[in-house]
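Colleague: Could you take me through the aromatic part of this model in some detail? I'd like the geometry along with the cut-offs behind each term.

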Amino acid sequence: MIRPVQEKDYEKLVPLFKKFFPVHNQFQLPKEKIISYLKEQSKTNELIVYDDKGIRGALFLVSFGQSSDGSHKLWKFRHFAFESEKIGSELLKEAEKIIKQKSKTVKIELTIAETEPGKEFYLANNYKQEAALTNHYRWNETCFVLAKSLK
């Protein structure tokens, strides 16, 4: 079941994020700091989880811009982690559904480091690579900008 995060979930999210993002600066910190970070991010960005006998996927929905009349919005998914492609696909569909309800038109932009999983997953789900940024998150590492527009 996909649902909004609950207080009891934060501790369970730590191993999911640590495993999915083994080189991510934030998820190399001690558990207490990761929990604090996730709670802080949840104050301004919606965090949804995939709960099936434990937390098996999660992502933040981040709005970061809009047209002057509010009819077109820019979104990104932050810290999108999942245990399987099936879980990832279900979470992705639900996240897209949620943000489509919040605007007439939407552009989703994602940044994926080459050392992180997910690029092929997004490409298989109709996201397009729009840019490649060198030395973006870490030296000698490329970060890919992937995007999808929705009506």
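Predicted model: local features only at pLDDT ≥ 70, side-chain atom pairs only at ≥ 80, totals over all residues.

Modeller: Happy to. Residues are numbered from 1 along each chain as its sequence is written, and side-chain values use heavy atoms, with hydrogens and water left out.

Rings of Phe, Tyr and Trp (its six-membered ring) pair if their centres lie within 6.5 Å; planes under 30 degrees apart count as stacked, over 60 as edge-to-face and the rest as tilted. The count by this rule is 13 aromatic pairs. One of them joins Phe-27 and Tyr-37 edge-to-face, at 6.4 Å centre to centre with 80° between the planes. Phe-27 sits in the loop between H1 and H2 and Tyr-37 in helix H2, so this pair ties together parts 10 residues apart in sequence. Helices (H or I, at least four residues) and strands (E, at least two) are DSSP runs, numbered from the N terminus.

Phe-80 and Tyr-122 make another edge-to-face pair, with 6.0 Å between centres and 65° between planes. That pair links distant parts of the chain, 42 residues apart: Phe-80 belongs to strand S4 and Tyr-122 to helix H4 (residues 119-124). Both Phe-80 and Tyr-122 are buried. All four rings belong to one aromatic cluster, which also includes Phe-17, Phe-20, Phe-21 and Phe-77.

The nonpolar packing brings some of these names back. A nonpolar core is a set of buried Ala, Val, Leu, Ile, Met, Phe, Trp, Tyr and Cys residues joined through side-chain atoms within 4.5 Å. The largest one has 44 residues, and those with the most contacts inside it are Leu-13, Leu-38, Phe-77, Phe-80, Ile-108 and Tyr-122. Leu-38 touches Phe-27 as well as Tyr-10, Leu-13, Phe-17 and Phe-60, leaving aside residues up to four places away in sequence; contact means heavy atoms within 4.5 Å.

A charge sits over a ring if NZ of Lys or CZ of Arg is within 6 Å of the ring centre and within 35 degrees of the ring normal. Lys-119 lies over the face of Phe-144, 3.8 Å from the ring centre, and the charged end of Lys-76 sits over Phe-64 at 5.4 Å.

How values were computed:
Buried < 20%, exposed > 50% of the residue type's maximum accessible area, 1.4 Å probe, protein only.
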